[in-house]
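Please keep the sequence and the model in view while reading.

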Amino acid sequence: MTARAHDALVVGGGLVGASIAWGLLRRGLSAALLDEGDVAFRASRGNFALVWVQGKGDGQPAYTRWTRLSASEWPGLRDMLAADTGIETELQQPGGMHLCFSEAEIELRIALLERMRAASGNHGYDWRLVTGAELRDMLPGVGPKVIGATYTPYDGHVNSLKLLHALHRGFVSGGGAYLPYARVTSARAAPHDFVVETQVGSFSAPRVVLAAGLGNRDLAPLFGLSAPVLPNKGQVLVTERTRHVLPLPTVCVRQTGEGTVMLGDSKEDKGLDLSQSPDVMAAIARRSVDSFPWIGELNIVRAWSALRVMSADGFPIYEQSRTCPGAFVANCHSGVTLAAAHALHLAPMIAAGELDPMLAPFTAGRFDVPAAA
Amino acid sequence: MFRLRPEARATVRVTVCGEAVLVPEGASAAAAMLLVGPGAARETAVSGARRLPYCMMGVCFDCLAEIDGVANRQACMVPVREGMVIAPQRGARKIDPEAA
Amino acid sequence: MSVVDVAVIGAGPAGMAAATEAAAHGLSVVVIDEQPAPGGQIWRGVEAAQGVAALGADYAAGRERAAALRSAPVALECGATLWHLDDDGTLSFLQHGRTRRLVARRIILATGAMERPVPIPGWTLPGVMTAGAAQILLKTASVVPEGPVVLAGQGPLLWLVAQQLIAAGAPPVALLETRRAGVMQTAVAHAGALLRGWKAVAKGLAMMRAVRQAGVRVVRGVSGLRAVGEGMVAQVTWEGGALAARTLLLHEGVIPNVQVSLALGLAHAWDDSQLCWKPEVDRFGATSSHLVAIAGDGAGIGGWQAAEARGRLAGLDAAYRLGHLDAVGRDHAATHLLAAEARALAIRPFLDALYRPAPEMLVPTDPETIVCRCEEVTAGRVRDAAKLGATGPNQAKAYLRCGMGPCQGRLCGPTVAALIADVRGVPVSSVGTYRPRAPYKPLTVAELADG
């Protein structure tokens, strides 16, 4: 049975895969997007929907630049998707706040942001500490336990479920082949020549992009690549819809376009376990009430847990296979923030067959380097 | 919409939409709303559509009402109490950020 | 944190039976129920009920059960809502605005059934309710609908509610029956069931006769039901007919309430004769979890007598598993309970076939029909999501928000799955269900923070 042929196969239909696949279509390539079924890990359905810049790339300026590039091009992505699909992703970029509950936290935060400014060269890095009346003005009802917050103007948030929907719809209406239940079972890889076996048949292409999140770990070696990623569990609480109160997103509390309030930012290393724990949920609730006492009366209508896809240093993995050029791996834990960079920069690089030197720091080889003597 | 049976011993006085209503002990706030009728209907937070209780057993959440000043309570799960004040839930909950 | 032998969730017929049985064998028992008093749905408010005569003999039986529960050595926690159950047996529940924790060595879920959603155009209009809702109002508030009242749908409960409303002085003007199945053919196909369950049949026939004799207009073979009105229901229409209606009571049978059992990740199977998902249980109600048993309608619709038998079986099994009874003793005591359960279930194959919902009740044909009441998502949009590539309700939920409202997909899950199956041309059993998560019912951020 002959394999269906495309210009590119993208393995993984989440935000990373869908951004890249949609971007490839815009470059005139044909693509198949291979996805799992209704129940899968899907970090794309479990995220905080932040388009976040503040604090990213401490110790790795290339990541800061990549993140800022994506944030600055996000409005363009929003407009293109809206024109393509009619779906509004509701991007807002009013800047973001990181709340601090102690002087020690503030000091750490200031030190971090000063490092970012120093490393930014003449790009600059605009940040400031907000306290007192200005803080209460910017964040209505902020609680007395919040003694200050750091603000950067680059941050924002979006409706990430609409983003996924728009990318899928844009991909399909642009002629892309979206295939659910197409889990990869085996693959044959040679330079610019790949045949991938899935539960729904074979596919062949001169380009393969591995964007399967945690699944990349096992897939990467088939293509001469490495994706040492590990799961990190986050739990999130979502409230009922409320009249709009919060004009700015914070790292742990944000109000969505529908009016629901999302509460989060727990981190647990529990492997692939997706269970929820009342203790962690209670801790999130307490921190939320400390941040904004008015949140206390809101009903929690649903809660969930999801697995972040983390590399050892928290930075993305982008690499083209040396033994099988044409095969690429893409992993990150910020698929929402980086959607614009993935669609508008990474996809064109993949189409052209070469990753830009700006992504050189993100190869998996960095994990093999022994600690400096 | 609904009316009390003649045999009913309605001894608990509550207020629905500003109107005094007598209901039997053990009745839910939703029953009191249904005695008043469409005026007690909530407006959904999604579109403002009007809703009254549908299932009366805590599953549908269409009976949401403001009870004794607390928004979005499931009226079918709240037994009436003397002096209870029931008001329709008009859209999403209002928040006063400074009041907490 | 307190530790108890058995936690029973739900104080309906199955829960009450499980609790009293377990306690009779010396186990410590806590019963948790979200209602202010025991009884479940069938015996809702039975302790306080006025005018019990209108509600029939089955209801009166509940009074005796509630009294037995109260006098048993069982801790009864009413107004208590379970919101999380850990796989180590820790329960988190909300009561009087505080979260409480309890550890149980065995958990018996007896959360019963819910009405199958009836997604007809206009079903969200004020004045449109389930038949069960009218029954609850009668039982707990002595309140009856104002006319014209129309009942629509099919199943024994529809006829029972008609009879109860007549006895309470509020007769409906019409009963629009959506049943398609011919009684004679179904009777012949399930002759055995009919014979074994003849008492139930006789009771049903008597009910139907009483309703007709009271002057209620009965229309058979109704299809294309619609509720029509501005701001509230004013009319019900169907293929070939229309009636003014101020209250429209719908019923298309009941289905197990699997919200908690799904959230726990227990194994479920699709039952094609009852058109619903059921948790997989053995004859004692034991599930795929070593800690959890399920008794009553929550394991499969069977009615209150079957629920009681199943509750006792689960209580017996708990006694055995916790070392208060040996296997021989358990199996011996189980014999008559299994027989009682079988007798109660005898009529079911006939009823399930006779009252099988029509395809249009499971898969709305009008694209404007609201499917997710909470998020106001229509059937047409669910179909579009399925065409885009959503293979199941969870992806549809991600695209459309259906299932994200406070009911957590209880009312839309079956319909969303059926629509996806219809579009993709696959059996609904392969489409799956939502994956509900804690909190099983909403609680406030402050209530959670406290716990």
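## Helix α8 of chain A

Helix α8 of chain A covers residues 339-352, and at 1.5 Å a residue its 14 residues should span 20 Å; the end C-alpha atoms are 19 Å apart, which agrees. Helices (H or I, at least four residues) and strands (E, at least two) are DSSP runs, numbered from the N terminus, and the expected span is 1.5 Å times one less than the number of residues. The model is predicted: local features need pLDDT of at least 70 and side-chain atom pairs count only at pLDDT 80 or more, while totals for chains, interfaces and linings use all residues. Residues are numbered from 1 along each chain as its sequence is written, chains are lettered from A and ligands numbered from 1 in the order in which they are written, and side-chain values use heavy atoms, with hydrogens and water left out.

α8(A) bends by about 35° at Leu346(A), and Pro348(A) follows within four residues. The bend is the angle between axes fitted to the seven residues ending at a residue and the seven starting there. After α8(A) comes Gly353(A), with a positive phi near 85°.

## Surroundings of the helix

Twelve of the 14 residues of α8(A) are buried, that is, under 20% relative accessible area, where exposed means over 50% and partly exposed lies in between (1.4 Å probe, protein chains only). Among them are His342(A), Leu344(A), Leu346(A), Pro348(A) and Met349(A). The buried residues pack against α1 (15-26), α2 (61-85), α5 (160-173), β13 (208-210), β18 (317-320) and β19 (327-331) of chain A, contact being heavy atoms within 4.5 Å.

## Aromatic rings

Rings of Phe, Tyr and Trp (its six-membered ring) pair if their centres lie within 6.5 Å; planes under 30 degrees apart count as stacked, over 60 as edge-to-face and the rest as tilted. The count comes to ten aromatic pairs over all chains. Tyr63(A) and Phe362(A) form an edge-to-face pair, 6.3 Å centre to centre with 75° between the planes. Tyr63(A) lies in helix α2 and Phe362(A) in the segment after α8, so this pair ties together parts of chain A that are 299 residues apart in sequence.

The rings of Tyr318(A) and Phe362(A) have centres 5.9 Å apart and planes at 90°, so they too are edge-to-face. Tyr318(A) counts as buried at 1% relative accessibility, and Phe362(A) at 0%. One aromatic cluster is formed by Tyr63(A), Trp66(A), Phe315(A), Tyr318(A) and Phe362(A).
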